[in-house]
Amino acid sequence: SFPTRRSSDLYFGQSSTALSLLGTDTASGSVVRQGVFNLSAGTTYYWQVVATNGGTSASSPVWSFTTN
């Protein structure tokens, strides 16, 4: 059998309802890393991960953090 392609899409933005695709990671491990640069102070950012394994995908909740 052929290996299943796994990927994780990271969505990021300043609105929890209008996230943009920041990047896709196709690493074989369980850790996904994506750099985010030039964040503004005192701003709330939102992010979500959509993991795909073959034809099946699962979305995380939308998380947030606020910069100092």
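**Exercise 1.** Is Ser15 buried, partly exposed or exposed?

*Solution.* Start with the cut-offs: buried means under 20% relative accessible area, exposed over 50%, and partly exposed in between (1.4 Å probe, protein chains only). Ser15 has a relative accessible area of 28%, so Ser15 is partly exposed. Now place it. Ser15 sits in the loop between E1 and strand E2 (20–25). Strands (E, at least two residues) and helices (H or I, at least four) are DSSP runs, numbered from the N terminus.

The model is predicted: local features need pLDDT of at least 70, side-chain atom pairs count only at pLDDT 80 or more, and totals for chains, interfaces and linings use all residues. Residues are numbered from 1 along each chain as its sequence is written, and side-chain values use heavy atoms, leaving out hydrogens and water.

**Exercise 2.** Why does Ser7 count as buried, and which residues does Ser7 touch?

*Solution.* Ser7 counts as buried because its relative accessibility is 12%. Ser7 lies in strand E1 (residues 6–13). Next, list contacts (heavy atoms within 4.5 Å). Leaving out residues up to four places away in sequence, Ser7 touches Thr24, Asp25, Thr26, Val50, Ala51 and Thr52.

**Exercise 3.** Describe the whole protein.

*Solution.* Count elements: 0 helices and 5 strands. Their order along the sequence is β-β-β-β-β. Then take burial: 22% of the 68 residues are buried. Last, contacts: of those with a separation of 6 or more, 45% join residues 24 or more positions apart.
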